[in-house]
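Me: I have a model open and would like to talk through its fold and a few of its details. Could you take me through it?

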Amino acid sequence: MRKTIAVCGTFDSKGEEFSYLAEQVRKLGADVLSVDMSLRPNDFAADYSAEAVAAAAEDRYAGGGIADGLDRMSAGAGRLLAGLAAEKKIDGMICMGGGRGTYMACRVLREMPLGFPKVLISTCATNEGSQYYFEGIQDTMVMNPLVDISGLNSVLCMAMKEGAACVCAMADADCMPVYAAGRPRVGITMWGVTTPCVERVRRLLEEKGCEVLVFHANGTGGNIMDSLVRQNYFDVVADLTLSEITMPVARGQYTDPQVENRMKAACEMGIPQVVAFGGIDMVHPDGGDPAAYAGRKLYYHTASCVFYRSNAEETVRCVKFVADRLKTSAGKAVVLHPLGGTSAVNKEGEALYESDTNETLHRAVHQWMEPEIPVVDVDAHINDRLFAEKAAEIILGYIGETI
């Protein structure tokens with residue numbers, strides 16, 4: 001059976017290039033459904049015209065400025081394509097763009113389900129300053145075309161052929177996840193300094209028949225987990241590593257994309273949560289005043305990646321952030337607090353151990369959590385067997401209540 005691939009983009013400025021991309025998809029044996037997100041009139045005969053896309057958008061994007069226009073068109077395209085995917089009228093999608101095109105494409109891709117074949121050819125793919133565009137696009141394959149999307153030169157044509165081949169192959173492979181009926185799913189956050197803990201928890205849960213998905217808390221992993229929470233993917237969330245929160249919150253950057261919506265999903269969806277302050281004891285100096293870290297203990301994760309000990313003020317700020325999130329939870333939540341330290345480098349004899357700051361964390365956790373959020377002190381280090389066993393015990397208890 002022939003597959004149908006949606007080709008989505010701004011056809012007013014890149015009609016020639018999108019025509020070539022669609023041609024490559026057809027040469028590989030798939031049908032094409034074109035979706036135009038253009039802000040200007042054009043002669044591209046799309047299956048879904050810019051007018052149709054705009055009409056599908058929410059009314060709140062009715063403004064006349066460029067920003068409203070970008071959001072209106074991407075919202076409309078996202079709604080259309082998500083509906084087509086749910087109705088199985090398309091089997092994959094491919095987008096392409098520069099700065100604006102990438103911004104719009106990413107907003108569309110966030111609406112598409114896990115496992116649905118998605119490819120984005122973007123000139124921003126390896127641009128450090130544009131990485132926030134890609135938040136929430138889940139399992140999208142992102143390609144750098146190496147050249148700008150301007151004209152049918154040999155390098156761009158190569159990239160478009162590769163992109164078309166990728167999305168068609170993924171559509172043929174049927175990559176949608178297969179869920180085992182009755183098997184509980186647990187999402188857990190992990191970083192290098194909490195790996196022994198999470199690996200032990202994972203094994204304990206898998207022995208009981210759970211499927212465990214571990215997310216690398218490196219700046220995007222937690223948000224990816226949260227996006228899957230909104231798709232009703234998990235029975236329990238174990239947010240055992242909060243290093244992603246520490247970095248921006250320590251500097252008061254609460255609107256940073258890394259943390260702006262972090263932890264909201266489980267609270268709003270009522271998913272049971274087990275939370276620990278793993279990795280809260282270190283901050284990265286990027287974006288901060290170097291003088292603020294003078295005299296602090298430091299830890300070299302790699303030769304070029306240094307972390308400094310978070311101080312008492314930053315620690316309390318992070319606790320308040322988490323407490324503010326959890327107090328809104330529509331489901332059960334518990335905070336597990338390891339008295340022996342919150343990371344591999346925060347225990348006696350290690351690089352970032354500070355008993356006074358650890359005690360500040362302990363007091364803050366008990367002071368700022370709402371009465372309905374129990375705090376369970378565990379007389380162990382976060383990477384000790386005792387702590388992992390306690391976390392697994394509570395998670396399994398939640399699963400027993402939810403299935």
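Reply: What follows goes from the overall dimensions to helix packing and then to single residues.

Reply: This is a predicted model, in which local features need pLDDT of at least 70 and side-chain atom pairs count only at pLDDT 80 or more, while totals for chains, interfaces and linings use all residues. Residues are numbered from 1 along each chain as its sequence is written, and side-chain values use heavy atoms, with hydrogens and water left out.

Me: OK, what does the secondary structure come to?

Reply: The protein has twelve helices and 14 strands, where helices (H or I, at least four residues) and strands (E, at least two) are DSSP runs numbered from the N terminus.

Me: What share of the residues is buried?

Reply: Buried residues make up 52% of the 403, with buried meaning under 20% relative accessible area, exposed over 50% and partly exposed in between (1.4 Å probe, protein chains only). As for contacts, meaning heavy atoms within 4.5 Å, residues 24 or more positions apart account for 72% of those with a separation of 6 or more.

Me: Let's do helix packing. At what angle do H10 and H11 pack?

Reply: Helix H10 (residues 312-326) and helix H11 (residues 355-368) pack at about 25°, with their axes 9 Å apart; axes here are lines fitted to C-alpha atoms, for helices over the stretch in contact, and angles run from 0 to 180 degrees between N-to-C directions. H10 and H11 are therefore roughly parallel to each other, since angles under 35 degrees count as roughly parallel, over 145 as roughly antiparallel, 65 to 115 as roughly perpendicular and the rest as oblique.

Me: Which residues make that contact?

Reply: On the H10 side they are Ala312, Thr315, Val316, Val319, Lys320 and Ala323, and on the H11 side Thr357, Thr360, Leu361, Ala364, Val365 and Trp368. By class, the contact of H10 with H11 has eight nonpolar, three polar and one charged, where Ala, Val, Leu, Ile, Met, Phe, Trp, Tyr, Cys and Pro count as nonpolar, Asp, Glu, Lys and Arg as charged, and the others, Gly among them, as polar.

Me: Is threonine 360 buried or exposed?

Reply: Threonine 360 counts as buried, at 13% relative accessibility, and, leaving aside neighbours within four places in sequence, threonine 360 is in contact with Ala312 and Val316.

Me: How about H1 and H5, at what angle do they cross?

Reply: The axes of helix H1 (residues 11-27) and helix H5 (residues 154-173) cross at roughly 45° and come within 9 Å, and the two helices are therefore oblique to each other. From H1, Glu17, Tyr20, Leu21, Gln24 and Val25 meet Leu156, Cys157, Met160, Lys161, Ala164 and Cys168 of H5, and the contact of H1 with H5 divides into eight nonpolar, one polar and two charged residues.

Me: Switching to H8, why is it largely enclosed?

Reply: Helix H8 (residues 243-250) is largely enclosed by the rest of the structure because eight of its eight residues are buried. Just after H8, glycine 252 takes a positive phi of about 75°.

Me: Which residues other than glycine have a positive phi?

Reply: Among them are lysine 88, with phi near 60°, and leucine 146, with phi near 75°. As background, most residues other than glycine have a negative phi. Lysine 88 sits in the loop between helix H3 (66-86) and strand E3 (92-97) and counts as exposed at 72% relative accessibility, while leucine 146 sits in the loop between strand E5 (141-143) and H5 and is exposed as well, with a relative accessible area of 64%.

Me: Last one, where does proline 177 lie?

Reply: Proline 177 lies in the loop between H5 and strand E6 (185-190) and is partly exposed, with a relative accessible area of 28%. Apart from neighbours within four places in sequence, proline 177 is in contact with Leu114 and Gly115.
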